[in-house]
Amino acid sequence: MTKTGLTKTGMIDFRGVNKWFGSLNVLKDITLSVEPREVVVVCGPSGSGKSTLIRCVNGLETIKDGDLVVDGQRLGDPATNMTQLRTEIGFVFQAFNLYPHKTALENVTLAPIHVRKIPRAEAEKAGRELLAKVGLADKVNAYPAQLSGGQQQRVAIARCLGMRPKIMLFDEPTSALDPEMISEVLDVMVAVAEEGMTMMVVTHEMGFARKVAQRVVFMDAGAIVESGTPDEFFSHPKTDRSRAFLSKILRH
Amino acid sequence: MLENFSFRTIVEYLPLFGQGLITTVWLSALSFVGALIVGIVLCAMNLQRGWLFRAPAKAYIDAVRATPLLAQLYFLYFGLPRLGFVLPELVVGILALSLNSGAYVAEIIRAGILSIPRGQVEASVASGMTYVQRMRLVVLPQAFKVTIPPLLGQAIVLVKDSALLSLISVSELTRAGQLLASDRFMPAEGFLTIAAFYLLLYYCLKGLAGLSSRWLGTAGART
C-alpha cells in the first residue's frame, strides 16, 4: 500500500498492528479506524489486549509491526514527534495517577503551563473552570489524598481536558471505583463525549456504551473478534465468544 | 574509682574540645555536600539505560561499599602522594568522606526515585512532558520527600566516620580526646567527653530529621 493509496484517514488508524510481549502475541492483526468525534468502546475479558491497544495510541506501548497513524502522524516514524503528539491525546488511567504532591488545580495546570507554555494566570483560570465543569469547584486546593476515588478520577479527566486534546483515551476509568462513585465519573465522560471528543474507552459499562458510543469493539486473546453498534453488540452478539463474555458480565 | 575522674581537666581542655567540635561540624557539613554531589552524579549515571555510564557507577559503588573506610582513607593519604598527588590532610579527609558517603547517598537517592510508582511517570509521559520536565516536576519532588530521612541518617553516619580523620592527624573532635588521653594519661576523661559531644551532634541531626519529616508530612500527604 502506497502512502497516496490511503483513501481516508481516521483520527486513529490501526492497520495490521501486531505486538508481542516476549512470545505472547498480545495484539493480533488489529485493523481499526476511529473517526473524528467518534466514541469507540473497547471491551473484552481480562488479558484480551484492550488496555494494550489504547496504550499504543499514545506510545505508552510500542508496536512491533503494522501501521498506527494518529492524527495523521505515523507512530514509530522518525518524523513523528511523540512528545508533541502526546499533548493532543489525553489519557485517563484506571488508578487515576494524580500527582500526590500537587493540589487538584496544580494537577490540572501543570502540563498546560510547562508543556503548552500557557501563562500561569490563564492556565489557572481555565483549570478552575474545568474543575467546576467536573463538579469539583470546591476542591481546587485539595490534595489527591483528600479526595475520594470518584473525585480523583474527575480531576484526572479535568487534567487531560486542560491540554485541550483532540483525542481522549480511557483505560478502565471506573474499575477502581466504589459502585456509588461510578456514575459521577461516567456523567463527566458522557459530557465530554457529547462535546464531540474523539474517544476510545476501555470499559464494561454498558449503560455508557449505549448512551454515547457509536461502536463497540470486542477483543479476545489479542484480536478484534467483533465490532458493531452498541445495540447490535449487546442485543445480538454474533460470536460464541462474545455471547459467553456478555452472559458473564450481564449475569449480576 | 570516680574520685580519679577529673572534671577539672576536662574543663581545662574545653577550648580544645570546642575547636575539635567546630572542625568536626564544618568538615562533616562540607563532606556531606560533597557526598550529595558525588551521589547525585553516580545516581544519574546508574539510572541510565546504557551500560556505558551504569557499569562504572555500579563498580564504584560496590568498591566503596566492599572496602573499609579506613583503607580508603589510607589509600588517599599515603597512596596518592606516591602517585604524585600531594594534598593537605584536611582536603584528603573531606575527599575521603565525600567519596565514601557519596556511594551510599547514590543508593539512597536511587531508591527514592525508584519508589515513585510507575503510574506517575506514565501520567507525565502521557501529558507530553519531556524526560527533564517529568523528573523536575513529578519524580524528584516526590523522591525528595522519601529520601530526606535516610539522607539525614547517612549524615549521622558521616559525622561518626569523620572520627577516622584523627588517624591522619586532622585536629577534629576525636583528635582532641586523643590529645587529652596522651598528654595527661586520661583516656576515660578524653574519650567520654568526645562521646558526649558526638551524642549532642547526633541529637541535633535527629531533631532535624524529625522536623523535616513533620514539615514534609504536612505538605501534600500521600495515601
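**Stop 1: helix H5 of chain B**

Select H5(B) and show what its buried residues pack against. From chain A, the partners are helix H1 (50-57), helix H2 (82-86), strand E6 (89-92) and H5. From chain B, the partner is helix H6 (131-161). Keep in mind throughout that this is a predicted model.

How many of the residues of H5(B) are buried? Colour residues 118-126 of chain B by accessibility: 8 of the 9 are buried, so the helix is largely enclosed by the rest of the structure. The buried set runs through Gly119(B), Gln120(B), Val121(B) and Glu122(B). It also takes in Ala123(B), Ser124(B), Val125(B) and Ala126(B).

Now step past the end of the helix. Gly128(B) follows H5(B), and its phi is positive, near 90°.

**Stop 2: a salt-bridge network**

Then bring in Lys19(A), Arg55(A) and Glu61(A) from chain A. These five residues are linked in a network of salt bridges. Glu122(B) is also on the list of buried residues of H5(B). Over all chains, the structure holds 19 salt bridges.

**Stop 3: Asp71(A) and Lys166(A)**

Select both side chains. They meet in a salt bridge, with N to O at 2.9 Å. What does this pair tie together? Asp71(A) sits in the loop between strands E4 (65-70) and E5 (73-74) of chain A, and Lys166(A) in the loop between helix H5 (149-161) and strand E7 (167-171), so the bridge joins parts that are 95 residues apart in sequence.

Check the accessibility of each partner. Asp71(A) is partly exposed, at 22%. Lys166(A) is partly exposed too, at 38%.

**Stop 4: Arg154(A) and Glu184(A)**

Move to helix H5 of chain A and pick Arg154(A). Its salt-bridge partner is Glu184(A), and the closest N and O atoms are 3.0 Å apart. This pair links distant parts of the chain: Arg154(A) belongs to helix H5 and Glu184(A) to helix H6 (residues 179-194), 30 residues apart.

Is Arg154(A) buried or exposed? Arg154(A) counts as buried, at 10% relative accessibility. Glu184(A) is partly exposed, with a relative accessible area of 24%.

**Stop 5: Glu129(A) and Lys125(A)**

Select helix H4 of chain A, residues 120-133. Glu129(A) and Lys125(A) both lie here, 4 residues apart, about one turn of the helix. They form a salt bridge, with 3.3 Å between the closest N and O atoms. Glu129(A) is partly exposed at 47%. Lys125(A) is exposed, at 53%.

**Stop 6: Ile113(A)**

Go to helix H3 of chain A, residues 104-114, and select Ile113(A). With a relative accessible area of 13%, Ile113(A) is buried. Which residues does Ile113(A) touch, leaving out those up to four places away in sequence? Show Ile118(A), Arg120(A) and Ala123(A).

Next, draw a distance from the C-alpha of Ile113(A) to the C-alpha of Met163(A). The two are 9.5 Å apart in space and 50 residues apart in sequence.

**Stop 7: Ser6(B)**

Finish in chain B. Select Ser6(B), in the segment before helix H1 (7-46). Ser6(B) counts as buried, at 15% relative accessibility. Now show Met186(B) and Glu189(B): Ser6(B) touches both, not counting residues up to four places away in sequence.

Key:
Residues numbered from 1 in each chain as written. Chains lettered and ligands numbered in written order. Predicted model: local features only at pLDDT ≥ 70, side-chain atom pairs only at ≥ 80, totals over all residues. Heavy atoms only, no water. Salt bridge = Lys/Arg side-chain N within 4 Å of Asp/Glu carboxyl O. Helix = DSSP H or I, 4+ residues; strand = E, 2+ residues; numbered from the N terminus. Buried < 20%, exposed > 50% of the residue type's maximum accessible area, 1.4 Å probe, protein only. Contact = heavy atoms within 4.5 Å.
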